[in-house]
Amino acid sequence: MRSVFNVFCIVALFWLNSCKPGIPSEYIQRGKMEDILYDYHLADAMSNEIAGGNKQWHEMQASVLKKHGVTQAEFDTSMTYYFRHSDKLEEIYKKVAERLSNEAEAQGVAVSDLNNFGNISHS
């Protein structure tokens, strides 16, 4: 009888650990959202360097979504979800900012000059 109880307890612990709240499936998942936002910010930076930036921005924005196979409605709905769960959005933006910083350094931008190109933060 005791071994049955022990097995039950072990199964219950595994079940409870697997029930951690995640992102509902109808929203863009964390890794994909990170990739989209990374590309979004690159597109934003490029459109700021082009004359007629607003028109270019909308074209680049559409291109980013197309690249990732996401509609504007799916992106907007997912962003609303992440804004309501700011802890998850903060984690994503920490990774996006790190990736952008690493890419800038890889392209030869001095660490001391990174602030000249803007600062992305979760706030």
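**View 1. Aromatic pairs around tyrosine 81.** Searching the whole structure, which is a predicted model, turns up three aromatic pairs. In one of them tyrosine 27 and tyrosine 81 are stacked, with 4.5 Å from centre to centre and 20° between the planes. This pair links distant parts of the chain, since tyrosine 27 belongs to the loop between helix 1 (2-18) and helix 2 whereas tyrosine 81 belongs to helix 4 (residues 72-84), and the two are 54 residues apart. Tyrosine 81 also forms an aromatic pair with tyrosine 82, and here the arrangement is edge-to-face, at 5.3 Å centre to centre and with 80° between the planes. Tyrosine 27 and tyrosine 81 are both buried, and tyrosine 82 is buried as well. Through such ring pairs Tyr27, Tyr81 and Tyr82 are linked into a cluster.

**View 2. The whole chain, as a setting for the close-ups.** The chain contains five helices and zero strands, and from the N terminus on its elements follow the order α-α-α-α-α. Of its 123 residues, 26% count as buried. Among the contacts in the chain with a separation of 6 or more, 65% are accounted for by residues 24 or more positions apart.

**View 3. Helix 2 and its buried residues.** Helix 2 covers residues 30-48, which makes 19 residues, and from its first C-alpha to its last it reaches 27 Å, close to the 27 Å expected at 1.5 Å a residue. The residues of helix 2 that are buried are Met33, Glu34, Ile36, Leu37, Tyr38, Asp39, Tyr40, Ala43 and Ser47. Over the face of one of these residues, tyrosine 38, lies arginine 99, at 4.1 Å from the ring centre.

**View 4. The largest nonpolar core.** This core has 23 residues, of which Met33, Ile36, Leu37, Tyr40, Phe75 and Tyr82 touch the most other members. At least two residues of the core are supplied by each of helix 2, helix 3 (53-67), helix 4 and helix 5 (86-106). Helix 2 gives the most, with six residues. Methionine 33, when residues up to four places away in sequence are not counted, touches Ile28, Phe75, Ser78, Met79, Tyr82 and Ile92.

View 5. Not counting residues up to four places away in sequence, isoleucine 23 touches Ile28, Gln29, Arg30, Tyr81, Tyr82 and Lys88. Two of these contacts, Tyr81 and Tyr82, also belong to the aromatic cluster of View 1. The C-alpha atoms of isoleucine 23 and histidine 85 are separated by 9.8 Å, although the two residues are 62 residues apart along the chain.

**View 6. Alanine 43, a buried residue of helix 2.** Alanine 43 is found in helix 2 and has a relative accessible area of 3%, so it is buried. Once residues up to four places away in sequence are left out, alanine 43 touches Trp57, Met60 and Val64.

**View 7. Serine 47 and the backbone of aspartate 44.** Serine 47 also lies in helix 2, and its relative accessible area of 2% is the reason why it counts as buried. A polar atom of the serine 47 side chain lies 2.9 Å from the backbone oxygen of aspartate 44.

**View 8. Glutamine 61, a buried residue of helix 3.** Glutamine 61 has its place in helix 3, and it is classed as buried because its relative accessible area is 14%. Apart from its neighbours within four places in sequence, glutamine 61 is in contact with Tyr40 and Gln72. Tyr40 is itself one of the buried residues of helix 2, and it is among the residues that touch the most other members of the largest nonpolar core.

Definitions and conventions
Residues numbered from 1 in each chain as written. Predicted model: local features only at pLDDT ≥ 70, side-chain atom pairs only at ≥ 80, totals over all residues. Heavy atoms only, no water. Helix = DSSP H or I, 4+ residues; strand = E, 2+ residues; numbered from the N terminus. Expected span 1.5 Å × (residues − 1). Buried < 20%, exposed > 50% of the residue type's maximum accessible area, 1.4 Å probe, protein only. Polar contact = N/O pair within 3.5 Å; in protein donor to acceptor, adjacent residues only side chain to side chain. Phe/Tyr/Trp six-rings, centres within 6.5 Å; stacked < 30°, edge-to-face > 60°. Lys NZ or Arg CZ within 6 Å of the ring centre and 35° of its normal. Core = buried A, V, L, I, M, F, W, Y, C linked by side-chain atoms within 4.5 Å. Contact = heavy atoms within 4.5 Å.
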